[in-house]
Amino acid sequence: MGGRCLFSLAALLLCPFHVLADYCEYPLVEESVLTASSELVTREADKARLYEEHAWSAADNNYYQSLTVDLRKRHRVTRIATQGKQNTREFVSEFVVQYSDNADLWKTYKNPMGLYKAFPGNEDGNTVSTNLFETPIIGRYIRVKPTRWRDRISMRLELYGCEYLPETVSFSGNAMVVMDLREFPVDSVRDHIRFRFRTKEPDAMVMYGRGTQGDYLALQLVQNRMVLNVNLGSRFLTSLSVGSLLDDNSWHDVEIRREQRNITFLVDRVRVDDIILGDFKRLNLNKELYIGGVPNLQLGMKARVNFTGCMENLNINGTAIIPEMRQASDYYSRYNKRPKYSLINIGSVCEFGISADQTLTFTTRKSHLKYPAFEDQKKINVSLEFRTYEEKGVLIHHKFTTYGYFMLFLDEGKVKVEVNARGTPGLVVLDNFETLYNDGQWHRVMFVVMENRMELTVDDVPMQTVRIISVISGKHFLIAGGVKGSPGFLGCLRKISVVGYMQKPKDEEIMYPEGIVRAACQIIDRCNPNPCEHRGRCKQTSQEFICDCTATGYSGAVCHTPLNPISCAAYGIQNPGVKRAEIYIDIDGSGPLVPFPVSCEFYNDGQVHSYLSHKHEKLTTVDGFEKRGSYVQNIIYDAGMEQIEIFVNRSARCRQRIHFECLKAKLFNSPSQEDEDFLPYTWWVSRTNQPMDYWGGSLPGSRKCECGLMGTCVTDKWCNCDGGLESWLTDSGELTVKEHLPVRQLRIGDTGTPLDGKKVRYTLGPLICEGDHVYDNTVTFRKADATINLPRFDMGHSGDIFFEFKTTVRDGCLIHARGPTDYIKISIVGGIELQFQYEAGSGPMSVSVETSNVLNDDTWHSVLVERNRKEARMIVDGGQKGLVAEPYGPVRAIHLESDFVVGATLDYRDGFVGCIRALILNGELQDLRGRAEKGMYGVQPGCVGKCSSNPCLNNGTCHEGYSTFECDCRWTAFKGPICADEIGIKMLTDTMVRYEIPGTYKTTIAERIRVGFTTTNPRGFLMGLHSNLTGEYLTLAISNSGHLKVTFDFGFERHEKVYGKRTFHEGQNHDVKLYRSDSGRRLTMQVDNYEPVSWTFDVKGSADAQFNNIQYVYIGKNESMAEGFVGCISRVEFDDIYPLKFYFQQDRPPNVIAESTSSVFEDYCGIEPIRYPEEEAETRPPPEVSEDVLMGLYSDNSAVLGGVLGIIFLALLCMGFLIGRYMARHKGDYRTHEADGADVAPDADWAVQHATTGPQVKKNTEMYI
């Protein structure tokens, strides 16, 4: 290359000249000064050094405590180590870090998301916890602010780093550094650029390099944000933007890392990662690389002015550029093959302090300036620049000497002037600017007032007004406030001129100086990074941000809560009765995926069908594509593939119909055996981009169409179209393998040329899915101490919990999780209130929703709990809401370390009994049912209560308790725990029970009568209904032959019907049911479990079958009978009247009486009560303990365990000895053998007399061994 050489940015900078020292890990606290916001006696701040015997302890345990380290000079701090108070539980478990150069202007260390980084602290008082600063802190003062602690705020700490040696260069707007890369061009695959800067200008060109092949790198400030535009030679620009309010005259850290096409851009530790567009991976720069400005407009530039400010320690891959460019010479450049530098108007000193433009930050509305004025002037000219997010605030107020005043102020974000002066009729308000100026940008305003003329200029746009006015200047100008009845200004002011020039405020001119920050603009951009989720638009004031969620599909303080249902099933639950709907669904709830349109169909049997359409559902003709799969049709659905995958996986079944018509064109070119290559002309592609070897209606791997699978093809081929006939044929069917759906692409071939007659027509239907695993994901908690433990839930700064529950209990804990100090808990209280309790380091908080209807009504209720940076809220049943605002100050993330427990608290208390379904955490469905199906204590899949097995007999009403049940027997003729205990009466010939129907009596046309009885008498009156008013009656009796007989007269004629299949006086228990139907024309009798017998009556048109004015119900006999039924009668029932139950209840009503010569008592008629079988008792399994824990316990306690076992063994030996002595205390002799040869003796005497050994037997002695 003729002496020229290529080098990368890495090579540009990998030289031995001014290489930064690598080691920067020296302890810094030893030589520092420590101070604290408060301290206890003997626990002062200077005792906060690491490994000290004592520690610093704050006097108050609140969130306003801090420990400050003065390093005496600026240092580069790389890490921090902390301890608590030795051998105590006093320690800080979380803290934030602030840093400053002057102890006035503080900046907080942020995480890559732009939020204040909460560093994890200690877990005990002794262990050292170390945190690294990924981007080192540059500053003199380091402040640690505890945000969480255990018993008390106590801390010991150490900072590690090294002294910061700045290499500074300043730019004045017409200065720049030029690196000539023409001789040594850049050709790199990786780059690393790092530097610090500060400026007061919102727009500036910071760094620019370009090559002849279209590569360029442009780093610039655009509206006080840092913008990086980069191109590696493609047609596409990659633009990254990060940071805000970078023109605040404070130091900011910038870092760029590139690895081929992967690029990371950081400003003040806020991080953006991206992939550079295009296919190229190398950065080729072979022209100039400009620093601080450019001579003319270049490609990729947005800023139109050069940089004004300071730059510090510009490093690329560890090499310091600033000292090199100052000392490099032509000889050095040639010898080390380094670029040449041209320095144009640059400076080497960057002053830090109160600048010439007098930038001031007003943090309270009462703080203001009081500048003196030149009195008795007839012309007043004032100007300033302001920056604010507030809608209201005074800018300048001046009272005239003679009469009146003028006030320059903000109202509703607009700049206005209010003038009241001599000769002016009324109050004059200049309000012609419609632009809003509370956007956080710098705006310049100038106001001139003189005799009969006023002029207001905002951002160089003038507005003049001619009026009759006379002014004479007064003594003072009030700036930023001090006007009674008008709100003071909050924000930043600079370049304040009220007497013709800018002036430095004197101490006596500053009112309430504690609310003013000098030499910097310290307002906070609360909208960067955007705290509003889902593309919500962020607005802000000085104190808070506001999210505008219009047209986002979400709601809430941060646009977190979805407005669209999660599925068609959810929509159907919210809108009962709907049959069809075109809606948008949000498949992941509050997650990042956007809603998409579906069609929903709802059926009477509860089925729900969801239709997802695409853009290619019409019949399409294909011609002229001869090669296999040469026609390509990508299917564009109304949703992205990531959304569709969740949509399909959550469905129970999915299908998609594919229809193919052919004229002489082949489809699969079948038959094709498994050992042959599958070479179809046409195929479809699954959602995983796999070509499929089957058609609609067939099976995967079959290489067939539906007709081939069923054997119905028109030829011996496996598809109709493979016959190649000169007529239109069809192959169609439904694709039903859910894992393959939807169809992502269609590939078609063998359609010949436009002239050979081969053609294909196809249609692809919408994706249709049924079922919803969200609402099928149901479990039942049968035990109050049963739980499902899910993995730790990271709720963080923003999180939501959704579920539905059904229960009959009044109280119970639904959700519980906790950390060292934080926790969340969702409970039902009193059956009418849901409560969300939590703590995030700022004390216990609670949100409650008290509902108008009861929650323990055994119906499904939905609960949505959301906690974000602004508030916590709860929504019950989609409408009833409760919320609590987060306290003012930094919002802390909820830090949870335990399992996410469903069904009770972590210690199995206050348990919930009932059903829970559709548990979704931050948009992710939790598989409760899958866990329950594996077998869990007290939990079962589905929503199955105790009443599902119908334990209440005889139409008793079962009240669900899920862990128990209760039978309501009020509307039965029975009693007992399951309504199975008979209520009967022993009947004698003179026993009668009469029930008088109260009120206006009873008229029926369809009676329901039931009687149980047992008797041995072949005749007797069982039950009767009678009306003295109409003479109508009905009797049920046993006839003289022992058969059942029913006799009635309802006004149209008398009827008598006999149930003659068998006799009923054999002493067995019988159950008779009698009821009328068909408007009284049909009478049906059922006895025991025999087939019912029905009789139909011809009721004439002029008559009716009503039983009118029934007055009495008789049991056993009535007043006209001499003898009644003998036996036992039970379970007597007439519609909702139960005479025997009423008679024997504790508070007997007066309208039921019993007459008998003997005592009347309750009897169960020989029928034993039925009892519900007891369930097998469940026992909570012991907690799982890992083998390591067990081994640790054994190893730690082996000596103690051995000693205890030894003592127990000795005690057992002693006990055995004593027991043996006790058992052997009666010693003596006894006979042990009977007489020999007397085995068959008939009695003892005969055996003794005839034994071969005689009566003498051997003596044995028992001995204890």
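In this predicted model, Cys947 and Cys958 are joined by a disulfide whose sulfur atoms are 1.8 Å apart. The torsion about the S-S bond of Cys947 and Cys958 is about -80°, so this disulfide is left-handed. Cys947 is buried, at a relative accessible area of 14%.

A disulfide joins Cys943 to Cys915, with an S to S distance of 2.0 Å. About the S-S bond of Cys915 and Cys943 the torsion is about 90°, so this disulfide is right-handed. Cys915 is buried, with a relative accessible area of 0%. Cys943, by contrast, is partly exposed, its relative accessible area being 29%.

A further disulfide is formed by Cys24 and Cys162, whose sulfur atoms are 1.9 Å apart. With -95° about the S-S bond, the link of Cys24 and Cys162 is left-handed. Cys24 is found in the loop between helix H1 (9–13) and strand S1 (26–27), and Cys162 in strand S9 (residues 154–163), so the pair ties together parts that are 138 residues apart in sequence. Both Cys24 and Cys162 are buried.

| Disulfide | S to S distance | Torsion about the S-S bond |
|---|---|---|
| Cys24 and Cys162 | 1.9 Å | -95°, left-handed |
| Cys915 and Cys943 | 2.0 Å | about 90°, right-handed |
| Cys947 and Cys958 | 1.8 Å | about -80°, left-handed |

These pairs are among the disulfides of the model, for which the count comes to 16. A disulfide requires a pair of cysteine sulfur atoms within 2.5 Å. Cys947 and Cys958, with sulfur atoms 1.8 Å apart, form such a link. Cys813 is in no disulfide, as the nearest cysteine sulfur, that of Cys915, is 17 Å away. Cys813 is buried, with a relative accessible area of 0%. Another cysteine, Cys1214, is partly exposed, with a relative accessible area of 49%.

How values were computed: Residues are numbered from 1 along each chain as its sequence is written. This is a predicted model: local features need pLDDT of at least 70, side-chain atom pairs count only at pLDDT 80 or more; totals for chains, interfaces and linings use all residues. Side-chain values use heavy atoms; hydrogens and water are left out. Helices (H or I, at least four residues) and strands (E, at least two) are DSSP runs, numbered from the N terminus. Buried means under 20% relative accessible area, exposed over 50%, partly exposed in between (1.4 Å probe, protein chains only).
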